[in-house]
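Work through the following exercises with the sequence and the 3D structure in view, and try each task before reading its solution.

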Amino acid sequence: MNHHNILKLHHSYPAFNKYYLVMELACGGELFEDLVSRNAFSESTAREVMLQLFSAVQYIHGLRIVHRNIRPEKLILAWKSAENNVHFPPLKLSGFSLAKKLPEHSDIMSCPIEGSPLYLAPETITKQPIGREVDIWACAVIFYTMLAGYPPFWSTNREELYSLIARGKYSFPDQEWKSISEGAKRLIKSMFMVDRNERATAVEVVKDPWTQNRKLSTAHRKGTLDNLNAFNAKRKLRGAVYTIFAMKRMMENPEPLALMNGVKS
């Protein structure tokens with residue numbers, strides 16, 4: 001693939017029974033990590049970010065590719081934001097390990113439930129055939145979270161979380177959303193249609209009046225960043241726990257570690 005908002009694969013080669021990928025250098029870190037480090041964040045900034053993400057998704061959907069795992073950890077920046085930088089750095093969509101190409105004569109396919117639960121679409125968790133629409137749903141979750149600082153669907157119980165997603169049960173609490181434009185809320189609603197056939201497409205979200213509006217509010221959203229900081233802390237804690245479990249498994253089976261170091265056990 002060749003798009004300015006998709007992390008570029010330059011080369012791949014086999015070694016030690018694995019394939020190694022030489023990727024484009026992107027040293028700005030994860031999107032949400034950068035947001036909470038900024039001095040200011042506004043709806044206008046959110047538009048810059050989402051336009052880049054929407055453009056990347058429009059490109060891969062045009063190639064009949066469904067990412068299936070769009071989430072904040074897969075959105076990295078080319079470089080870190082300068083402290084008082086007005087414009088946002090280039091965003092790169094990465095992490096295509098779950099990506100699938102649609103069949104030649106169909107816009108849907110059957111796939112297992114994979115990916116982070118917070119970003120799964122209703123048709124995924126109800127085990128229906130999926131298509132490009134699952135990526136639009138995931139983008140809507142990121143969109144909502146970026147503006148509010150917390151995800152639209154939340155429960156520590158996975159079954160309850162899946163129930164909320166399947167019913168499309170979310171809201172726009174006044175405390176965070178009264179200062180957000182109606183255009184943003186309308187666009188989010190169009191992306192959160194439970195019926196995937198009614199959900200907005202990538203082409204539509206790129207061309208949406210909100211996405212194309214260069215005159216959105218530039219007022220600093222401190223409450224959003226405070227909420228996002230707390231949400232980030234939960235994400236990092238969960239990631240640390242997963243890393244510990246993964247390392248424990250690797251220590252119990254040292255073969256992969258030996259291969260990583262170029263030594264056969």
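**Exercise 1. The cavity**

How many cavities of 30 Å³ or more does the structure hold? Find also which residues come closest to the centre of the largest cavity, and how its lining divides into nonpolar, polar and charged residues.

*Solution.* Keep in mind that this is a predicted model. As a starting point, rolling a probe the size of a water molecule over the atoms shows where empty space is left. In this structure the search gives one cavity of 30 Å³ or more, and the volume of the largest cavity is about 150 Å³. Its lining is made by 17 residues, of which R68, N69, E114, Y119 and L120 are the closest to the centre. When the lining is sorted by residue type, nine residues are nonpolar, four are polar and four are charged. Helix α4 gives the most to this lining, with three residues.

**Exercise 2. Salt bridges**

Determine how many salt bridges the model has, and describe the pairs E114 with R68, R71 with E73, and D226 with K222.

Begin with E114 and R68, whose side chains meet at 2.9 Å, N to O. This pair links distant parts of the chain, 46 residues apart, since E114 belongs to the loop between β6 (100–101) and α3, while R68 belongs to the loop between β3 (65–66) and β4 (75–77). The two partners can then be classed by accessibility: R68, at 10% relative accessible area, is buried, whereas E114, at 30%, is partly exposed.

Next take R71 and E73, where the closest N and O atoms are 3.4 Å apart; E73 is partly exposed, with a relative accessible area of 25%.

Because D226 and K222 are four residues apart in helix α10 (residues 222–252), about one helical turn separates them. D226 is partly exposed at 42% relative accessible area, and K222 is exposed at 52%.

Finally, salt bridges can also be joined together, as in the network that links R64, D107 and R132.

**Exercise 3. Positive phi angles**

What is the phi of N17, where is K127 found, and are these residues buried or exposed?

*Solution.* Recall that most residues other than glycine have a negative phi. N17 is not a glycine, yet its phi is positive, about 65°, and N17 lies in the loop between β1 (9–15) and β2. K127 likewise has a positive phi, near 60°, and its place is in the loop between α3 (122–125) and α4 (133–148). For the last step, exposed means over 50% relative accessible area, so N17, at 73%, is exposed, and K127, at 68%, is exposed too.

**Exercise 4. A nonpolar surface patch**

Identify the residues that make the nonpolar surface patch of about 440 Å², and decide which element gives the largest share of the patch.

*Solution.* The patch is made by L9, Y19, L21 and M23. Strand β2 (residues 18–23) gives the largest share, three residues. M23 has its place in strand β2, and with 34% relative accessibility M23 counts as partly exposed.

Terms used. Residues are numbered from 1 along each chain as its sequence is written. This is a predicted model: local features need pLDDT of at least 70, side-chain atom pairs count only at pLDDT 80 or more; totals for chains, interfaces and linings use all residues. Side-chain values use heavy atoms; hydrogens and water are left out. Patches are made of residues with over 30% relative accessible area and no salt bridge: like charges are joined within 9 Å, nonpolar side chains (Val, Leu, Ile, Met, Phe, Trp, Tyr) within 5 Å. Accessible areas come from the Shrake-Rupley method with a 1.4 Å probe; for residues, only the protein chains shown count as cover. A salt bridge is a side-chain nitrogen of Lys or Arg within 4 Å of a carboxyl oxygen of Asp or Glu. Helices (H or I, at least four residues) and strands (E, at least two) are DSSP runs, numbered from the N terminus. Buried means under 20% relative accessible area, exposed over 50%, partly exposed in between (1.4 Å probe, protein chains only). On a 1 Å grid over the protein atoms alone, a cavity is a set of points where a 1.4 Å probe fits but cannot get out, and a pocket is an open set with protein on both sides within 12 Å along at least five of seven lines; lining residues have an atom within 4 Å of a point. Grid points are joined across faces, edges and corners, and a volume is the space filled by probe spheres set on the points. Ala, Val, Leu, Ile, Met, Phe, Trp, Tyr, Cys and Pro count as nonpolar, Asp, Glu, Lys and Arg as charged, and the others, Gly among them, as polar.
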